[in-house]
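Subject: Structure handover

Hello,

Here is the structure we talked about. Please open it alongside these notes.

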Amino acid sequence: MTGAGNDFQRLLAQDIGKEKRIFWSEIAVGAVIAFLAFVYVIAW
Amino acid sequence: MTDVLIGLCLVCVLLGMVPTLTTFAQFLAVGLHGVRNHYPKCRDITPRVAFLLPAWNEADVLGSSIDSLMSIDYPAGQWRIIVVDDASTDHTPDVMRAKMAQYPGSVFHLRRDKGGQGKAHTLNHGIKTILTEDWAEGVMIMDADVLFEPTTLRRMVRHFADPEVGGVTAYVKEGSQPPSLLSRFIAFEYITAQAAARRAQNVMGGLPCMAGGAQLHSRENLVAIGGTIDTSTLAEDTYTTIKTQLAGRRALFDANAVVWAEEPDSVVALWKQRMRWGRGNLQITGAFRRLWFRPDRNPIFGDIAFGFLWFSIAFMPLFMIVGSVGLVGLFYAWPPWAPTAFVALWSVTFASYLFQTLFSFAIDPATARRCWFEGIVFPGLLSLGVMMLAVLGLKPFAEAAAWPQPGSWSWHDIAVQVVLGWSAISTFLAWAVYRLDKAGAPKAVRDVLLVLVGYGPLLCAISLGAMIAQIRNADLKWDKTIKSGKARLPT
């Protein structure tokens, strides 16, 4: 297997960045759902 | 006696929650892929890769697949395309002659004299030829209609820098143009079943299935699993994935490596395709029966959490039907508990649905932009209505919590029982949608019914059909999905 000069690092950085974005998206969506559940329990 | 019956009903309701809770738990693990992934072990490598395309009467799609493969961003001479023609009776040989002339030395045509035995047999014909030569360092098993984005191969091979990795799969996206309602449902389904679920499985350390549309193996791995694809089941991709991991190598999913495929455009075609998958998974369940829930035998497939996940998905319709039976049973055995159990079951389902839908949109915003409606109505408008009844405490339905009592057969009572048994009823209604489609109902009618009943219940109905077919030991045959060349790479 041989290496080749290319934009390997750029693709890798892009993909790692996307995975991090998904991580924070999950935190955000989870927080919204938890808030809604909290409001629902309190209000009902 | 009544206590036992009530207990049984409550157990049934709890069982009805199992698929919801396990898929929800799996979704919770998705985000962890941001901090626990294989990217730190990736290196810039470009091994020689042989693309293996099994083809049976694929003349309509083969040309564009080969063109997309010849346009990838990869060092010249480091990849070649081998088409195994499974004794096609259309003009596949003509297409191949033209493509071999267009790409000399890069495209090869192997023809089987006798075909129709299925994908695994066709693949084995090609693998045997590939392994007799030293050229290929990796083999990409794929479908003839699959289109590769320019960087997909680069993104997949980089994982082979880690010698522990034996196989890598890509994110197969639905790419039919113009898209139909059904193809957009499938596009959303693939966010949840691939982009989300397989990321979580990467985190868990074991992948049950590398998609047969884009399954890259290192040569060492193919040799280690015997140099052939198992032909005893209808799920040869799942079998190969499990064998890879049992042989001691990792199987990975790279969600950023994307390929595009054309998926079924009618409920009948979808039913046929998913019956094959469903029956294949049941065969896999039987083939590896000594592993499930036995961590001492295998740390991945014997893992308890993994077993829950596998069985709750493979047997989802049974869990749903049992949950419905539990609710209706409670209505008769102990009426005061029925509303509570109903609200608990469907509120959990609603919370899980809300989380999974919103998070799926965030995972793949590009796909979500074109199938947001299908994502929202994935469980069906009627099921969403049932969720609302649960979340809103049944007030709109029963008018100020006037929960009906069993004994009379008023319309009100019947409606309540329909709502309690909705999980099971929606599965049977989805089957009715399939029968209507099979009978030639207009597409508009089918689409309206699909939105009402839901795509999720349709998948459950197909799983149930697969179970019944397995129990009846119905004829096993390789029913290939017909492709018309509607898939396009995004521009």
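In which sense do S1(B) and strand S4 (residues 138-142) of chain B pair, and over how many bridges? They pair in the parallel sense, over four bridges. Pairing here requires at least two DSSP bridges between two strands. Within this pair, B:Phe51 stands opposite B:Met140 of S4(B).

Some ground rules. This is a predicted model, in which local features need pLDDT of at least 70 and side-chain atom pairs count only at pLDDT 80 or more, while totals for chains, interfaces and linings use all residues. Residues are numbered from 1 along each chain as its sequence is written, chains are lettered from A and ligands numbered from 1 in the order written, and side-chain values use heavy atoms, without hydrogens and water.

**Strand S1 of chain B**

S1(B) covers residues 49-55. Helices (H or I, at least four residues) and strands (E, at least two) are DSSP runs, numbered from the N terminus. Seven of the seven residues of S1(B) are buried. Buried means under 20% relative accessible area, exposed means over 50%, and partly exposed lies in between (1.4 Å probe, protein chains only). In a regular strand, side chains alternate between the two faces of the sheet. Here B:Val49, B:Phe51, B:Leu53 and B:Ala55 point one way. B:Ala50, B:Leu52 and B:Pro54 point the other way.

S1(B) also pairs with strand S2 (residues 79-85) of chain B, in the parallel sense over seven bridges. B:Leu53 has B:Val83 as its bridge partner in S2(B). From S1(B) the chain crosses through helix H2 (residues 59-70) of chain B to S2(B), in a right-handed β-α-β crossover. Right-handed means that, with the strands pointing away from the viewer, the path from the first strand over the helix to the second runs clockwise.

**Chain A**

Chain A has one helix and zero strands. Of its 44 residues, 27% count as buried. Helix H1(A) takes in residues 8-43 and has 36 residues. It reaches 52 Å from first C-alpha to last, close to the 52 Å expected at 1.5 Å a residue. That expected span is 1.5 Å times one less than the number of residues.

The buried residues of H1(A) include A:Phe8, A:Leu11, A:Asp15, A:Glu19 and A:Ile33. Their cover comes from chain B, including helix H5 (152-157), helix H6 (181-204) and strand S8 (250-261).

**Salt bridges**

The whole structure holds 21 salt bridges over all chains. The criterion is a side-chain nitrogen of Lys or Arg within 4 Å of a carboxyl oxygen of Asp or Glu.

- A:Glu19 and B:Arg199 meet at 2.8 Å, N to O. The pair joins two chains, because A:Glu19 lies in helix H1 of chain A and B:Arg199 in helix H6 of chain B. Both residues are buried.
- B:Arg154 bridges to B:Asp73, with the closest N and O atoms 3.4 Å apart. B:Arg154 sits in helix H5 of chain B and B:Asp73 in the loop between H2 and S2, 81 residues apart. B:Arg154 is buried at 10% relative accessible area, whereas B:Asp73 is partly exposed at 30%.
- B:Lys119 bridges to B:Glu236, with the closest N and O atoms 3.8 Å apart. B:Lys119 is in helix H4 (residues 119-132) of chain B and B:Glu236 in helix H8 (residues 236-246) of chain B, 117 residues apart. Both are buried.
- A:Asp15, B:Arg155, B:Arg158 and B:Asp254 are linked in a salt-bridge network.

Best regards

Terms used:
Contact means heavy atoms within 4.5 Å.
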